Every structure is written in C-alpha cells, then in structure tokens.
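Please look over the sequence and the three-dimensional structure shown here before reading on.

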Amino acid sequence: MRQLFLWHRWFGIGLCIFMTLWFISGIVMLFIGYPKLTPTEHLNALPELSITSSYIDVDVAQFNSGQTIEPIKITLSSIAGEPFYLFKYPKLATIAVNALSGERIVNINQQQALKSARAFYDDPESRYIKLIDKDAWTQSTGLDDERPLHVVKINDTAQRLLYISSHNGQIVRDATLNERSWGWVGAWLHWIYPVRSMPWWADMIIYLSLVATLMSLIGQFLGIKRWRFSTKYRSGSHSPYHQGFARWHHIFGLLFGFILIAWIFSGLMSMKPWNILASQSELPVKNFQDGALSDINSPWSTTELLVKLSENSFYTKELSWHKLDGQFWLTAYDGQGQTRVIPLFGSADVSREIPLKVVLNGLKNIAPISTINYEWVNKYDFYYFSREEQSMYGSRSRPLPILRVKFSDPAKTWLHIDPASGTILANIDQRQRLNRWLFNLLHSWDWHILLEMPLLRELLIIAFSLGGLTISISGIVLGWRRVRRKIHIAT
C-alpha cells in the first residue's frame, strides 16, 4: 500500500500538469477545433462551371498531366476562377491542367497565389504573406504532398489566412483569427504540438497516457479504500482529509475518477499504440473499381454533361469521375454539397444515385455474393455518424443514405458505400470497430444519441471536464506543497 501511495504521489505531481492542460484544451476544442477547409467551405467558394465553355476532353487533360501511373482521383473544379482538371496520384501533389487550354500548371508564384485567394473569397485587398513548408496551423500530414504552401491574408471580418498549394494553386486550408487565437490553448496544447516535429512525439504521448492511466487507476483504488462508507473518521468525515485541497482531491477523485481514467485511456487509444487495433482485413477492395481510372472515352463531352445537369435544374460547381464494376460514372456537386450522378455509357440519364444492382456487381469482384450481407443506412448510427465542423472529423463528408456492406471474412470487414458516387466512404474491420468504442465513444462521446442533442452533450462534457480539472489542479497544489517541504527540509 505504501508503494502505491508513493507512486501515485510522485508520478502524479508531473502528470497532473499535463492533465490540467489536456482538460483546459479539451474544453476549448469542444467549440473551436484545429483549422481546416471543410467541404462546405470549399464548394461554397467555387463558381458554377459554365455550360457554354469549350472544355478539352478529360482523357486529353490526363495525357497532358505528364503522368503514366494511374490517378486515384479525377475532378473538374476551379482555381483562381478558371476551370481545371485535377489529377491526384499516390504520394504526389495534385496535378492541375487547365480545362480550356490544356496547359498544365507546374509552379505557382506569389501573384498566382494571390489571384487564387482573391477568387476564392472575392477580396481584392488580400495580402501575400510568405511561402512556408509548415507552421502552427498546417501540421497535418494530409497536406504533405502539397508543400510548400503560399500564405495569403484575407482582409475580411474573420481575418483568415489561406494556405495555397505551390504546385497547383488550390486552397488547401483556411485559418480564421478566432481559430488561430484559441488554437494555442486548444488543439496546439492538447496534441502537444510544440514538439510535433520530434521523432519521439507519438511515443511521448503514448507513454504519458499509459503511465497517467495506471496512476489514475491506483488513485481510484486508494481513494475508495480510504473512504469509510459505514463509519467516519475522528473528524466526523468519511474522508481522512477533513478540509483543504486534499479533501477536494479525494472527493472529486471518487466522483469523477472513472471518467478521468476513461478519457486518459481513450486518448492513448487515439494514438493507435503498437498497432494493436490495426486493420487485419485482406479483402481486395480495389477490385470494386475493377480497372484503372484512365481511358474514360466518354461519348459525351464535358460541356454536354454540364448541359444535361443544367437541364435537370442542377447547377454544378465540381465534377468527379469514378469507376465501378469496370464502367465510368460522373458525380456532380452543387454549392450545398448535393449530388447527381450520370453513367458515362448507355442513356446517360441524370439520377440521384447509382442503381443497387450495379453496386452489387462491383461487390462480386471483392468476394462471392453469398458471403455478403448489406443494409441501407438512412440515419446516423453508432458506426456511421457526422460531426460538427470544428471537430477532428469535421472535414469528412457523411452523406445519407449509404449502403453498409458486411463481409464474412475472418476480419469481419464492413464497407460504407455512397450510392451517389459508388465510392467507398469507409473500410472498417472488427478491430477498427473496437477502436470506435475505445477511442471515439470514451474520448469524444461520439454516441449518435448524444450527437443529436449537442447542447446536452456539451454541458455534460464541460461538467465532467471541470471535475477532472479540479482533480488535476488540486493534485498540482498538493504536489507543489510536498516538493516545497522536501526542499525546505533538505536545506
């Protein structure tokens, strides 16, 4: 018992400092997350694609990209107010080819970056800042292919910074003054980003969380053991500490300790330690596409396709080419993120989704149909849910309805498929679904019932965070007093 007291006391002195920072920053992140460019912001800022322009063929544009490998994504979007075909290749910056002239963008200079920013937010007074590789708001590894990035300051009420790919001119991130100001005490502290570039950053968070979990468990055990449920101490209290920070630490530890332990442990799980919950699925999911995303050979030009959409009262801001079961499909997006789909074969009728039989044909290329079960998901549930824009998942699109496909392979793989495009939104096996419980549920309380009642969820998280914060701050005070006494005795 004495050893447990000593471990909890001395390890807790340092760990409570980190816990205090995590609780404070966690409350901030509940309302203001790490800067990102959301799909809504992206689509809202784009102009409608003209139905009168003479676009070059997508296959010609792909040839002009200069790449012989297969792209993983093809879109028609806008950069600096002009239409561009965008080709994304594995571990390469997106290649942009002008959809009117066929010219490929090789490098973006300051003036081009300014033009791109001014078109995106219609601000003629925007100001060029500098070219960077990385700063406080571009730590995400998802931006690595587009570095270095141009930074432009927009003179709007949000005082936002735009980050622009130096390879193609795309806006890849925006960060408002509000996000940047609160970010220092939010995401920047929570993820200990001051040492993010160090090779030991992930290990530091993993082992800090592991030790903190163990010490909290010890503290919970000691707290329960020292509480007299049926009798009282001489002071008349059920706790041996009748006043001061020690009493606060004991009582709040009993009340909120298990929540604190759940948060620390789930934070550990967020780092995917030692790959213990890594996917074990071996299904050939790429076979769903059944062929390279090239040689589209559409019988209809891009202009004709845009006209078809316009005739159906759909005003397109972005086009995306997909392949499913060996056949090409086109998905169109408007400013609100609504979609329409066109098969690039047969009648080319505009519809809202790809027929189920076509999706099932694609699934046959992954596994025998007898080993597959599927269901329509028409509302969010525990394994498919949408989050607020400020959350770490705020940049993910989660449309409804979607098709959930369950395979009977050893890893019990599930696929979530968007019928509006035939694309796979998520590929999760049983280990990753376990991580859904151990991280998302315990850490962010991403339970769809609570997500549908955001005010209640926020109030509960704040209340329990304040309880955990009281445990941590009282622990710091008690630790400081103990250290100060030791120093006084030593001197």
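The structure is a predicted model, and its protein chain contains 13 helices and 14 strands. Of the 491 residues in the protein chain, 49% count as buried, and the C-alpha trace spans about 90 × 60 × 40 Å along its principal axes.

**The chain as a whole**

- The protein chain exposes about 24,400 Å² of surface, and carbon and sulfur atoms supply 58% of that area.
- When contacts in the protein chain between residues at least 6 apart in sequence are considered, 62% of them join residues that are at least 24 apart.

**The sheet β4-β5-β6-β7**

- Four strands form an open sheet in the order β4-β5-β6-β7, and their pairing is antiparallel.
- The edge strands of this sheet are β4, covering residues 127-132, and β7, covering residues 171-175, each of which pairs on one side only.
- Neighbouring strands of this sheet are turned against each other by 25° on average, with direction ignored.
- Within the sheet, strand β5 (residues 149-153) and strand β6 (residues 161-165) are paired in the antiparallel sense over five bridges, and K153 stands opposite L161 in β6.
- Helix α4, made of residues 110-121, lies across β4, β5, β6 and β7, and it runs at about 125° to β6.

- The loop between β4 and β5 holds P148, and the peptide bond that runs from R147 to P148 is cis, with omega near 0°.
- The loop between β5 and β6 holds Q159, a residue that has a positive phi of about 50° although it is not a glycine.
- Q159 counts as partly exposed because its relative accessibility is 24%, a value that lies between the 20% limit for buried residues and the 50% limit for exposed ones.

**The sheet β11-β12-β13-β14**

- A further open sheet of four strands has the order β11-β12-β13-β14, again with antiparallel pairing.
- Here the edge strands are β11 (372-377) and β14 (423-428), and each of these pairs on one side only.
- The twist in this sheet averages 20° from one strand to the next.
- Strand β11 pairs with strand β12 (residues 402-407) in the antiparallel sense over six bridges, and the bridge partner of I372 in β12 is F407.
- In the loop between β11 and β12 lies P401, and the peptide bond from L400 to P401 is cis, with omega near -5°.

- S313 is exposed because its relative accessible area is 54%, where exposed stands for values over 50%.

- A nonpolar surface patch of about 400 Å² is made by W447, I449, M453, L456 and L460.

**W200 and W480**

- W200 is found in the loop between α6 (187-190) and α7 (201-226), and its relative accessible area of 42% makes W200 partly exposed.
- W200 and W480 are 280 residues apart along the chain, and their C-alpha atoms are separated by 28 Å.

Terms used
Residues are numbered from 1 along each chain as its sequence is written. This is a predicted model: local features need pLDDT of at least 70, side-chain atom pairs count only at pLDDT 80 or more; totals for chains, interfaces and linings use all residues. Side-chain values use heavy atoms; hydrogens and water are left out. Two strands pair if DSSP finds at least two bridges between them. Helices (H or I, at least four residues) and strands (E, at least two) are DSSP runs, numbered from the N terminus. Axes are lines fitted to C-alpha atoms, for helices over the stretch in contact, and angles run from 0 to 180 degrees between N-to-C directions. Contact means heavy atoms within 4.5 Å. Patches are made of residues with over 30% relative accessible area and no salt bridge: like charges are joined within 9 Å, nonpolar side chains (Val, Leu, Ile, Met, Phe, Trp, Tyr) within 5 Å. Accessible areas come from the Shrake-Rupley method with a 1.4 Å probe; for residues, only the protein chains shown count as cover. A salt bridge is a side-chain nitrogen of Lys or Arg within 4 Å of a carboxyl oxygen of Asp or Glu. Buried means under 20% relative accessible area, exposed over 50%, partly exposed in between (1.4 Å probe, protein chains only).
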